[in-house]
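Subject: Handover of the model

Hi,

Here is the structure I promised to pass on. Please open it alongside this note. My findings follow below.

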Amino acid sequence: MERPIPEEAPVIRTTREFSIKKRQATYSTPLRPLTLAAFPPWGDSAGAGCVEPAQCKYTGFEYCIRDNIHIFKQYICPMKLRVSTYLTLVLLVLLACSSKQSLRYKITTTSSTKNPTVADTIFLSIKPTVENQSYSFYFEDEALQEPYIIPSKTGGQTVKAIVETADGTKELTKNLRIFAPNKPKVCGYELIKSYPHDINAYTQGLEFVNDTLFESTGQYGNSSLRKVNYNTGEVIQKLPIDKAYFAEGITYSDGKIVQLTYKKKVGFVYNPDDLTLEKSFSYTKSPEGWGLCSDGTFLYKTDGSQKLWKLDPNTFEELSSVDIVTHNTFLTKVNELEYVNGKIYANTYQFNKDVVVIFDATTGIVSGVVDFSGLKKQVTQHNQLDVFNGIAYHPERKTFFVTGKYWDKLFEVKIIEK
Ligand SMILES: [Ca+2]
């Protein structure tokens with residue numbers, strides 16, 4: 001039976017018609033235009049339970065069940081269709097115009113090696129090339145001998161280009177990754193002795209002041225700063241840290257113990273004699289606190305990224321940073337640190353191995369790796385046993401002391417660099 005079309009009703013067009021599943025049966029109707037009367041009343045000739053169409057100013061919906069199949073129809077009024085079409089055309093014209101105006105230029109690089117290092121030549125170019133285009137390249141505001149750069153230092157470097165085109169002047173930048181010139185050497189170690197260590201210490205920092213071992217432990221609610229008799233493992237004094245902080249690396253600088261925290265961007269300064277808190281400081285450039293060490297003048301800090309930060313020893317301001325690099329990677333997740341004679345010895349999470357990496361404190365270039373994988377087997381095995389972390393140099397004994405998180409042994413070792 002034909003549906004009556006009220007004269008006053010606007011004519012609308014079916015634009016979409018689809019079905020949904022019921023009882024595993026699927027019904028699918030191809031899209032087809034259909035001119036119908038609009039809103040009510042509109043009965044269902046099949047008599048299978050159509051509901052009243054929902055309605056609004058421009059659109060209408062119909063929901064029916066026929067032969068156990070749910071059918072949903074959507075109508076869009078021609079006026080809305082016209083407005084939508086018009087808006088779409090305007091948008092397309094605007095997009096076409098804008099894409100013509102803002103040609104996306106970029107700096108591209110090629111070099112003879114996959115991982116370029118210092119003194120390698122890296123060729124630079126601009127893409128796309130257009131008529132009447134000119135450009136020049138800069139590194140640290142010095143004009144380059146185009147079209148190449150010969151990097152003088154490792155780590156992330158930014159090269160800049162000024163491009164002159166008919167559309168105007170554009171400034172482009174590109175980050176280059178410059179790697180270490182040589183593979184790190186694999187170093188060995190000699191085990192001197194093992195000592196007891198608190199199995200409940202989640203070790204995050206180790207530092208000798210004379211013959212006393214200072215230790216920082218982590219975890220929220222269980223962080224602490226400790227003075228330890230390394231010969232016996234006895235904790236001589238323990239200062240619990242507020243549960244809001246997860247304690248990290250420590251070092252000794254200018255007669256004080258300095259301690260980092262993980263996420264709060266706050267560090268603490270203590271009197272080493274009685275562990276009284278003297279002041280706190282904030283770090284504003286790096287996102288997190290990981291390892292900390294001192295060369296006697298400056299402090300060095302890691303933050304979980306590839307960066308080694310150099311800190312002012314008095315204000316703790318982050319003065320500068322270098323990237324910690326090997327011949328083929330930027331080293332991240334560098335944890336506990338120890339400074340000895342221009343080099344930093346560090347634990348790292350990156351390889352998920354019990355290693356110490358050795359890198360230059362000034363350049364960040366990794367020169368050696370020490371594999372300590374045999375030590376973890378020698379401690380009491382338990383469910384919470386965690387990674388190798390904690391390294392302190394004893395200047396009189398000229399030996400390193402290393403341990404791990406929840407390890408019940410502290411190992412005295414000599415690192416043998418080849
Ligand atoms: Ca240390």
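S15 and strand S16 (residues 224–229) are joined by 5 bridges and run antiparallel. Helices (H or I, at least four residues) and strands (E, at least two) are DSSP runs, numbered from the N terminus. Two strands count as paired if DSSP finds at least two bridges between them.

Two notes on the source. This is a predicted model: local features need pLDDT of at least 70, side-chain atom pairs count only at pLDDT 80 or more, and totals for chains, interfaces and linings use all residues. Residues are numbered from 1 along each chain as its sequence is written.

More on S15 and S16. Glu215 stands opposite Arg226 in S16. The hairpin of S15 and S16 has 6 residues between the strands. Gln219 takes a positive phi near 85° in that hairpin.

Now the other neighbour. S14 is joined to strand S15 (residues 212–217) by 6 bridges, and the two run antiparallel. Val209 faces Thr212 in S15 as its opposite residue. The hairpin of S14 and S15 has 2 residues between the strands. There, Asn210 has a positive phi near 55°.

How enclosed is S15? Of its 6 residues, 5 are buried, so S15 is largely enclosed by the rest of the structure. Buried means that 20 or more other C-beta atoms lie within 10 Å of the residue's own (exposed: 12 or fewer; partly exposed: in between), with C-beta atoms placed from the backbone.

These strands belong to an open sheet of 4 strands, in the order S14-S15-S16-S17, with antiparallel pairing. Strand S14 (203–209) and strand S17 (234–240) are the edge strands, and each pairs on one side only. Neighbouring strands of this sheet are turned by 20° against each other on average, direction ignored. For the angles, axes are lines fitted to C-alpha atoms (for helices, over the stretch in contact), and values run from 0 to 180 degrees between N-to-C directions.

There is also an open sheet of 4 strands with the order S18-S19-S20-S21, again with antiparallel pairing. Strand S18 (247–253) and strand S21 (277–282) stand at its edges with a single partner strand each, so one side of each has no neighbour in the sheet. The twist averages 25° from one strand to the next. In this sheet, 5 bridges join S18 to strand S19 (residues 256–261), and these run antiparallel. Ser253 stands opposite Lys256 in S19.

Best wishes
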